[in-house]
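Hi everyone, thanks for coming. Let me put the model up and walk you through some of its side-chain contacts.

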Amino acid sequence: MRSSNSIQVFEYESLKIGTTRGKAVFKKKHFDALVKLNELHNNKYFTVGHKKIIFKQYVGVLQVNDVCIEVLPKADRSSAGESAWQKALIEMLRVTKRLKINQVDHANVTKQSKHLLDLYFEWYLNEVQKLIHQGLIKKYYRKQGNLNTLKGKLVFAKQISQNIIHKERFYTEHQVYDRDHLVHQILQQALGIIEQFMRGGYLYGKCKSIQLDFPEVKAINATAATFDKLVLGRKEQPYRTALEIARLIILNFAPNVKNGSEKMIALLFDMNNLWEEYILIQLKKAYKDDEYRVLGQRKKTLWNGITIRPDIVIMNGEKTELIIDTKWKIMDHNKPSTHDLRQMYVYNEYWNSAKALLLYPSNASKEISIKAFEQIGDKANHQCGIATVSVLNNDDTLNKQLGEDFKKKLEDNKIFE
């Protein structure tokens, strides 16, 4: 996956057939493959226009045969370019533990730039290599087949149908204890996918070396159901990370999508969810030694089993001090949408909170603007505010003090008083 075969676009931008970046050309065959992939996922990843793809809030990487398409986030209309936002995305994935890498400022490796897919593949290869060095586990499983000696129990139906002529054979079911089991079959399948996409890349040699060290196991075609039924015991715990990455690789690999001719893999993340999780982690870190508790995933039932859930709730003991809903979008004309305001009103009511904030990304310094909802009758009113946080520093690096900066902004505006 060479940098010369990479096309970078930002979320909500469009990519037209014929677009060229270096040696990479977005052709009709790539367009057709992405359209089919999008259809398989209920058209959630992008909008299909006339000879163009219009991306939505999903960011990450798509590899279609020889072309790698990186879809990058962009929080505002700042001048920061693709490189800055690529590094910001990788760091956000690392902080939220969706990606484990030792060095975010990824230097060239053998003069080839690393992309997001490279990083996931490298992480996976390192995990499998570590398992091989530790020693791959053996497991008991039941196996059926023809043998020249009677071993285990005879399967009479198969014996009659397959060995009526070959009297010297026995069709048996017997117990086997070796390394050819489902866990290793899944790992092998993911290795095979990486091999296909890394031909000519710097990881290809490493992948082939690991495949040579890996035991021969039965080839399978794992699906979501395969992973759902997989139960890990005490012996399999060291495999957990490798299997999680294998799941990501296998379930996002779409060879010959709907009888098409293009090999494709798509690792895409909903930027709204990633932003919410990143803010939650940064605020928890900022309030770690404080009297306030920062909580996420707090659901309440709204109606007939339907639940509502604000992104973040800040508590002081049992008192709700503030509701925060994160929004990964640029606010129109410095005004929130009517839908968002209604949502915040309901949150205040259900969590008995006096204040709520809609939190947007922006590198423009803005004070918190908070106003009360109109009072209804003699019912006490509550408030909703608009706040922003800087995603990037002045040098275009990701702002790692985001939580502390926002905490200070809350204190300066006396939000908890």
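Let's begin with K28 and D32, whose side chains form a salt bridge with an N to O distance of 2.9 Å. By salt bridge I mean a side-chain nitrogen of Lys or Arg within 4 Å of a carboxyl oxygen of Asp or Glu. Before going on, a word on the source: this is a predicted model, where local features need pLDDT of at least 70, side-chain atom pairs count only at pLDDT 80 or more, and totals for chains, interfaces and linings use all residues. Residues are numbered from 1 along each chain as its sequence is written, and side-chain values use heavy atoms, with hydrogens and water left out.

Back to our pair. K28 and D32 sit 4 residues apart in helix α1 (residues 28–40), so about one helical turn separates them. Helices here are DSSP runs of H or I with at least four residues, strands are runs of E with at least two, and both are numbered from the N terminus. Is K28 buried or exposed? K28 is exposed, at 52% relative accessible area, while D32 is partly exposed at 28%. The cut-offs are under 20% for buried, over 50% for exposed and partly exposed in between, using a 1.4 Å probe and protein chains only.

How many salt bridges are there in the whole structure? The search finds 16. Another one joins E277 and R98, at 2.5 Å from N to O. This pair links distant parts of the chain, with E277 in helix α9 and R98 in the loop between α2 (82–95) and α3 (116–134), 179 residues apart. Both ends are partly exposed: E277 has a relative accessible area of 27%, and R98 has 24%.

D412 counts as partly exposed, at 48% relative accessibility. There is also a network, in which salt bridges with shared partners join D325, K327, K329 and D340.

Now for helix packing. Helix α9 (residues 271–286) packs against helix α11 (residues 402–412) at an angle of about 70°, with the axes 8 Å apart. The axes are lines fitted to C-alpha atoms, for helices over the stretch in contact, and angles run from 0 to 180 degrees between N-to-C directions. That makes α9 roughly perpendicular to α11, a label for angles of 65 to 115 degrees; under 35 is roughly parallel, over 145 roughly antiparallel, and the rest oblique.

Last topic: aromatics. The whole structure has 10 aromatic pairs, meaning rings of Phe, Tyr and Trp (its six-membered ring) with centres within 6.5 Å; planes under 30 degrees apart are stacked, over 60 edge-to-face, and the rest tilted. The rings of Y120 and F269 have centres 6.2 Å apart and planes at 25°, so this pair is stacked. Y120 lies in helix α3 and F269 in strand β12 (residues 264–270), 149 residues apart. Y120 and F269 are both buried. Y345 and F373 have ring centres 5.0 Å apart and planes at 90°, so they pair edge-to-face. Here Y345 is partly exposed at 24% relative accessibility, whereas F373 is buried at 16%. And to finish, Y120, W123 and F269 form one aromatic cluster.
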